[in-house]
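Here are a few friendly notes to read alongside the model. Take your time and keep the picture open as you go.

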Amino acid sequence: MADTIKCAHCGEKRPALGYAPFPNALGQKIGSEICQPCWSGWLQKQTQIINHYGLDLTNPDAQTFLFDNIKGFLFGEVPQTAEIDTSKEGSVKW
């Protein structure tokens, strides 16, 4: 994989991720077209999505939902990505 790439997400020339995070075509595409900072941004978003929706990643539907969100977030391929309501952030009392 290339050392420096024009990232498909941010459009800047940066170091490529350098490895395929998944053993499939999407993983290869991410490894060759996404920069390290954008991948880190996705990992933060992914954690929010998993926690917000309570995803069980052993479920194939949850995996599909997450992969669709990866495509939408990094490549803009899927028009509808998961929305996380943060309007009550910091105001919930337990």
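1. Which residues of α2 are buried? They are C38, W39, W42, Q46 and I49. Buried means under 20% relative accessible area, exposed over 50%, and partly exposed in between, with a 1.4 Å probe and protein chains only. Seen down the axis of α2, these buried residues fall within an arc of 90°, so they line one face of the helix; the arc is that of the directions from the helix axis to the C-beta atoms.

2. A word on the source: this is a predicted model, where local features need pLDDT of at least 70, side-chain atom pairs count only at pLDDT 80 or more, and totals for chains, interfaces and linings use all residues. Residues are numbered from 1 along each chain as its sequence is written, and side-chain values use heavy atoms, with hydrogens and water left out.

3. The protein chain has three helices and two strands, in the order β-β-α-α-α from the N terminus. Helices (H or I, at least four residues) and strands (E, at least two) are DSSP runs, numbered from the N terminus.

4. What do the buried residues of α2 pack against? Their partners are β2 (13–15), α1 (25–33) and α3 (60–75), where contact means heavy atoms within 4.5 Å. After α2 comes G54, with a positive phi near 60°.
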